[in-house]
Each structure stands twice: as structure tokens, then as C-alpha cells.
2 protein chains.
Amino acid sequence: MFDSALLEHKLDKKTFKEMEPKLRDDLLDQQFELVQQKRRTVLVLVNGPDGSGKGAVTNLIYRWLDARHVKTLAYERVNDEERRRPPLWKYWRDMPAHGEVGVVLGSWYHMALLAHAGGLIDTFAFEHALNQINRFEAMLHSEGVELLKLWLYVPPEEAARRREKARKGIDIDQSLIIEWDAVSKPKQRQKFQEIAQNLAYLTSTANAPWNVVPASDPDYRAAAIGGLLLDALKRANRPDPTVPVPSEAPSAATISTTAPAVPRVSILSSLDLTKALDKHDYDEELPKAQHRLRELVHSKAFQNLGVVCVFEGNDAAGKGGAIMRLRQALDPRRFAVHPVAAPSDEERVRPYLWRFWRNLPARGHIGIFDRSWYGRVLVERVEGFCTEADWRRAYDEINDFESELHQSDFLVVKFWLAISQDEQKRRFEEREQTTFKRFKLTPEDWRNRDKWPAYEVAITDMVDRTSTTYAPWTLVEAENKHYARVKVLKTVVSRIEQALEDR
Amino acid sequence: MFDSALLEHKLDKKTFKEMEPKLRDDLLDQQFELVQQKRRTVLVLVNGPDGSGKGAVTNLIYRWLDARHVKTLAYERVNDEERRRPPLWKYWRDMPAHGEVGVVLGSWYHMALLAHAGGLIDTFAFEHALNQINRFEAMLHSEGVELLKLWLYVPPEEAARRREKARKGIDIDQSLIIEWDAVSKPKQRQKFQEIAQNLAYLTSTANAPWNVVPASDPDYRAAAIGGLLLDALKRANRPDPTVPVPSEAPSAATISTTAPAVPRVSILSSLDLTKALDKHDYDEELPKAQHRLRELVHSKAFQNLGVVCVFEGNDAAGKGGAIMRLRQALDPRRFAVHPVAAPSDEERVRPYLWRFWRNLPARGHIGIFDRSWYGRVLVERVEGFCTEADWRRAYDEINDFESELHQSDFLVVKFWLAISQDEQKRRFEEREQTTFKRFKLTPEDWRNRDKWPAYEVAITDMVDRTSTTYAPWTLVEAENKHYARVKVLKTVVSRIEQALEDR
């Protein structure tokens, strides 16, 4: 991969001077289109050893483009807020909107590379990390982020020489040094080079290939990067980016929602909705579970655990009531409820999951999502708010998201609250009668009832495809509210107990 | 203030049970209106000694209202991100949108009270802090935030007894304890009580009065708070909140923009726009200033200083070029440029300054604002995008904002880049000619030229009223770009040098 980069690449100053004006024109034209149309975001990942000119490249991009729509995403020491969340959180936090260009210094490759080079993770773990990165990038690409991955190549000896020079005296290059390959001995350098090469091979994908740029000669480097940036902007401006067709391997998701060839058995049919709890038992069991939850949350071990609770369910199934009983048990400084509403314009111009990442609790806290990222495979699928390709790829993306949470010591507890159609009708009618409940009911709620069968298919697919070992669904028989609330509380308690034991 | 609260306040359970359903109906009705109309935000500040039931009150609000539109703002230990910014930053970060109800535990009174009770600040400093709070709250009120300030009163002995009880065994109250008055000895308690009383007197204002709620009896407490909350929601739903009329004391701001009785002398007329720097001097002086800036930013002392640079100026005055020369000198991980564009919908439903607070750099960083909070007294004033009352109060609000930055070791450097009308015309025409500059020019730019005289008045007012000792304006003669860029660089350098010396 770096083979051709080893050859000498030079461009004489005069040639570059001649080509630059046209290049700048084209770049600005394309950026103008990007800013106007806001179709996609362009993320430029600037990677390479210190001394390869990462800082100079960043400044070049700023000089060429209209700097008002360029943003730097640069990461130094990890701070409190970052330490208490999954590693990717900081990139989500800083995600530029469509129409913007982001320059990433210290990208997600940084961590994997450092950990492996430092012997902290073995080859298998390294490959696993790279696979995750590939899926992350595929998701970004599908969600409107065009990636330009640059690897600035200079022969290791030259890079070392440059670093040495930069360390003496203050100049621009020194201020831009990113200390991620303080690899001093030639042998280590060699190993590092091999790892980097391996990384580049394993993460060059169709939609996010690596571009190795010979970076010894500044003019050559500038011209090469200008061309690559122009291509990336053009791709981002394409009116209709080719949507990757999901593989047609047999899976629950390939079953049509509208006219299944064979009627599917709904996962919900397995539930015994007659399950109930009388008032007396409820008054005894609920406070007991709440008390236990309080104990757990105040334990020392809990400070290193994050908890994400997801509440999905039929309309009027009692999500709000169940959440309220959870809330009663919890210190308001330690939890937050995030109802999912129509996306804001800031959310609309970023990848779908951004709206959830931005509300992710820190470890030691509980985040409760009243509806969630499953909206994509439920309401958006059934109502046709997203394309079929979108909801089909969503299952894997959600599993990846939850897996990342799991790996970062976040517990994901997911509930589907199920009621029968009859019970729902009864509750709707009751809401119409009760003054202070009536604004919980909208005409849309009545309309949704007509789509009950389509939702059953969607729910079954969802549970089949996203009930993982690390984040299983809990189906809650919610016909009887007492029973449902106690089951929710007890499930949260036992999942936390188990997570604290496993640690 | 607490006198009547000392009397016994009780409500029998039966009376409360009878009044509760109607209260809940009314609360939900008003909240529904709030959510629908999104006219204002309601912030409930729950204050009082530990053991007075702050947690119970919070849970009550959640139970009564539709919890999906209620948010808790609770503050524990200060984290990295908070420590590196002004004290109010965290409240801005968490500011709920219009239509939402926020419950604040650990409000801005917390710090002042603790610092004074602990002997860290004297009476004068305490009063100063309370004055700042008054102005902050007045600004919030004008900007669409309805405040409900609750002081839960229980006799000191009773509060101490309750805290003791709560500390044993796990129950809800303990989990909600906010450790801000660990005042154990009776004499200290007495002093604390006096300070609290003083605070309540000094910060009870027309639009944000304190409500002292006798909190010994839970039913009385609940009924009282229910009534106060209902009033606050009603005030927030008023279609036309009375805008406070700014005082008509003589001030630059009282001069009309359109037809001044006496022609005013523009502050800009004092500038000598013939000032220039030839290419040779520029090539020498610019790198020198950049080098010095780099040195300063990399000094250890700089890590505790935040820098905010504001760029305002005529269209085409060269703000972008000046910013670019600053950027060249700076590590991209240490600075960010924030161009001011049309507000997003998330910005539109929060106080005006929120959009700037959210981009405030941490100490050790430089934030560059390409246009800024001065938009309100420039373009919004001239174009009539805000009411006269809005821009008239903006001067004081801006001064308060910058004063707060100053007090928190942030340096505020403000530039007005001035060119003549002729030079502007020349640059516009040049932009039309040059391909890669042409998208910097919009039809609006031509239209703005017609309002040159109105802008001159607005600029003069702005400089007169917001050039403070801690955040003076620097007027930059920008007819010659070389001169302007070097002046900007040198000013930033000398302001930082001075700030580091003063420390």
C-alpha cells in the first residue's frame, strides 16, 4: 500500500504555482455548492506520523476553502466528560453538519494504532477494532458523511529528523505536533510502520478508501491533497449518492411488511397478557424494588457503570407510568429522561444516531429514552418515513451502537410494553374522558391503530434482529399496569445487579 | 421575609386531597398551552436547607406535569469542562427550550451563599455577586425565561433533625441531599439563616421574586407549590409579556438611528484610513507577531487564560483575511472560529446569548467569533429584526456578559475593521471579477451599503456603550490590508501579554 509512496514524488514550484489558481477556483465552487445544498458533510481525516505535515495540511485546507464553513476536530488529553463515555462519543459530540467540512486530527484510528503498537491489544483485538471502524464508517457514509482519509507518508527517518528539528525553537510545525508516535528506536519504527500498513489495508473500503500521500515535498503534497479534496467535495455534492443495497441473505428483515407470502407469527403472540398483580402485592413489591434500585445506584461500583433504558411499546401501553415509578426511585441528579420528538434542524443535518449520542449519560448515571433509536425500524419503517434501505441497514447499526455501549461498561435495558388492541381502545376512550389525561391522546394515535398488523411484523423483526446477548429485549405484558411496572423495576434491578457482579 | 413562615402552616390531608384533582387539571392545561405555544421557558429554582424536601418537591413537579417536557438541572461536583469556564456556563449549557419546564437544584445562589457563609467573600463581594444575579435574571426574563424561585423553609432545628434521620438508612430523601449547608453548630446555623435572609431580600425583584414556602407540613408545601407553579405557567403563557421599558436616562442609545435631531459625529470619523504598511514591512512584522503569539499560547501561564476575539466590521473590510493570519499562528487544537449565521431552531427558542455561550472556549483556548453578540445592536437594530427595547437593553447585557468572562480569567479582544465607502465599492467590484472570491458577495451586501449612515450611528453607540476597561474596542483602519492584519495581530499579542502580566 505504501509501496509507490516510497518512490520519490516531487513537483516543481512553478508547476504548482500554475495549477493552484484553477484548483482553488474549483474547490471554492464545489464548497459553495456544498454550503448551498447541504447534501452531505465532508470529514477529512489527516493521519500520518508527526513531522509529516499534518498541521501544514490543515492550514492549507483552511486557506483554500471558505474558512467559515470549515471546522477542526482535534483531540488532546481525554477530559472528564470524555472519560466517562464510550471512546467514539467525542467524535459524535463534534460532528459537523451537512454543508460543513471537518478536519479530524487524532481520528478514531489513533487509539487502535496506539494501543496495538504499545502492546496493549493483540492482533485479534486490533482486527476487531478495525472491523468496528469499518462498520462505523459505512454507517457514516450512509448517513450523509463523505470521508476523505489521508495518510501522509514520509520515510520514517525523515519524519524523525523533522520532529527533532521541530522540537527545537518555536515554529508552526511544533505547535501542531500530535504526540502519537513517539517511537524513537529504528526497530520500533519499523514495527510501527508495519502496523500502520496493516491498518491501512484492513480499513480501505469502497466508500472510505485510504489515500496515501507522499508528503516529503510540500508542493507535491499540496497538489495531491487539493485534487483529493476536490473529488471528495464533488462526491458530497452528487444529487443522488448511490445507496448501498443491503445483502439479500435470509433474515427476518427481508420479510415484507405489507403482504407477507406466509403469515408470520408475531413475537407478541407468545405473551400471556392476563398476567396481573393485585393492588396489595403491588404496594408491597414496588417499594421493595425501588428501594433495592436506590441501594444499587448509591453503591460505589455503580459509579463506573452507565445505564441506558429504552422504553418502546404500543401507544397507551403505560410507558410514562413505568418511567415515573423508575424516576421515583432515583436521584434527579443521576438520571435524565429523553422523550423522542420530531428532530430539530440541527439533528436533521447529522447522522441519525447523533440525536441519541448527544443525550448519552455519563457513567454513574441513568439515561431513560422514552422511545428511541428503534423509531427507525418501527414508525419510520411502517409509515415510510425512511427508505427501505435505511431501515434495513438500521438493525446492524443499532447492534453496533449498543455493542459499543456494552464494551464501554454501559448497560442497555430495553423494554417493549405490550397491550392488546382491545385494551388500547379502552385506554384511549378513558383518556378522552379524563381531563388531565386528554392531551396524551392525539388523532394520530387513533390512526396508528389501523396499522396494528404492520407494526406487529416490524416489532417481531426488531426483537428478532436486535435482541443480543449484551442487550436483550424484555417484553412486558402491560395489560395490567401493576404487573408491568413491577416487572420493569425488577428487570432493571436484576440487570444492574448482574452487571455489577460481572465486573 | 421569613417571618410569616415561622408561623405554623398546616393543611389537613382531606382538604389537600379535595383540591388536588382540580389543581392537576389546571396545571396540565397550562403546561399543554406552554408546550403548544412555546412562548417561554419556565425555570423553577428549588432552594432551601437539606432536609426541607427539595427532592420531594422535584418529584411532585414531575408527577403533576407531563414529565416528557420537564428537565432537571442538577449540579454536583464541578467537572473539567465546567472548571475551565465561567461559573454560569453550566446553566447556559443546560438551558431548556421554550415550552419546557426546568427544575434547578443547586442554582446560581448556591455558590454565592456557600462562599459567603464559608467566609470566602465579604459582605461587599456578596452584594456584588447578588447584583450580578439580579441582572442575569432580568436578562433571562426579557429573553423568554419565566423564573419561579422557591425557598423551602423549615425551622433550622427541624431541618437538622431531618438530615440526621435521612443519613441513616437508605430512603429517597437521602439520595436527594444536596450538601450545601453542612452547618452543624447552632451558632453557625443562626448566621447562615441571616445570610440566607439577606440574600432573599436583595434578590427579590419584580420579575423574579422569592417565594418562601413553609415546608414542615408536606401537604401544605405541596398545595402552596402547586399554586405557585400554576401562576408561573400562566405568566409564561401570556401572549404579550410586558416588556420592561428601559430607563430614559441620557445615554448614547437614546439617540434615534433614523432622524437624529442633531447630526452625531461618527466614531469612525476619527480614524485615519490612509494608514498603510508596505509589503516589505508587512513581510517582516507579520511573522514576528505570529511568532510571539505562538510563544505566548505555548507558555504555561496561558493554560489558565481563555481568549475570546470578536471580529466586527464593514462588509469586505477584511475580517476573513485578518482571522486567517491569526489562525496561521495557532495550533488548530487550541482555537476555533465561530462564524455567526442565521440561528438554528434550537437557538431560536433560547435566550439570545445562548448561541455564543455554547461556543465559549475553555481556558487555555482561543475562540474567534466572526461577527458576534454585537449583531443585536448592529444589524438587528438597523434592520429592525428586534424591538427597540431589545437592542436598548442589549448594551448592558453585553457588558455583563463580558464582565463575567473577564472575572473568570477570559480576555475579550474586540475589533471593528473600518473601510471607507469608496474602498468597499472597489472591493465588491473586485469580488465580482475574481472567480474564487465571488461567492463572498451577495446582493444583500449591495443593499447594506444604502444603510451606511444608520450603521455609523449604531457603530458609534456600540463603541461608546460597550468599550469597557476590561473589554475595550480596538478600531482598525482597514483600508490597507497589510496595516490592518498587523494591527490585529499586535493587539492580540499585547492584550495577552498584559493579561499574563496582571496575573
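Leaving aside neighbours within four places in sequence, A317(A) is in contact with L417(A), I419(A), R427(A) and A478(A). The model is predicted. A317(A) sits in the loop between β6 (306-313) and α13 (319-328) of chain A. Its relative accessibility is 2%, so A317(A) counts as buried. The C-alpha atoms of A317(A) and S420(A) are separated by 9.0 Å, although these residues are 103 apart along the chain.

A helix pair was examined next. Two packed helices are described by the angle between their axes and the distance between the axes. In chain A, the axes of α12 (residues 279-297) and α21 (residues 481-502) come within 9 Å and cross at roughly 25°. Angles under 35 degrees count as roughly parallel, and α12(A) is therefore roughly parallel to α21(A). The crossing of α12(A) past α21(A) is left-handed. From α12(A), the contact draws on K279(A), Y282(A), E285(A), L286(A), A289(A), Q290(A), R292(A), L293(A) and L296(A). From α21(A), H482(A), R485(A), V486(A), L489(A), K490(A), V492(A), V493(A), I496(A), E497(A) and L500(A) take part. By class, this contact between α12(A) and α21(A) has 11 nonpolar, six charged and two polar residues.

In chain B, D217(B) occupies the loop between β5 (210-214) and α10 (218-237). D217(B) has 13% relative accessibility and therefore counts as buried. Not counting residues up to four places away in sequence, D217(B) touches H9(B), K10(B) and L11(B). A polar atom of the D217(B) side chain lies 3.1 Å from the backbone nitrogen of L11(B).

How values were computed: Residues are numbered from 1 along each chain as its sequence is written. Chains are lettered from A and ligands numbered from 1 in the order in which they are written. This is a predicted model: local features need pLDDT of at least 70, side-chain atom pairs count only at pLDDT 80 or more; totals for chains, interfaces and linings use all residues. Side-chain values use heavy atoms; hydrogens and water are left out. Axes are lines fitted to C-alpha atoms, for helices over the stretch in contact, and angles run from 0 to 180 degrees between N-to-C directions. Helices (H or I, at least four residues) and strands (E, at least two) are DSSP runs, numbered from the N terminus. Angles under 35 degrees count as roughly parallel, over 145 as roughly antiparallel, 65 to 115 as roughly perpendicular and the rest as oblique. A crossing is left-handed if the near helix is turned anticlockwise from the far one by less than a right angle, and right-handed if clockwise. Contact means heavy atoms within 4.5 Å. Ala, Val, Leu, Ile, Met, Phe, Trp, Tyr, Cys and Pro count as nonpolar, Asp, Glu, Lys and Arg as charged, and the others, Gly among them, as polar. Buried means under 20% relative accessible area, exposed over 50%, partly exposed in between (1.4 Å probe, protein chains only). A polar contact is a pair of N or O atoms within 3.5 Å; within protein, one must be able to donate a hydrogen and the other to accept it, and residues adjacent in sequence count only if both atoms are side-chain atoms.
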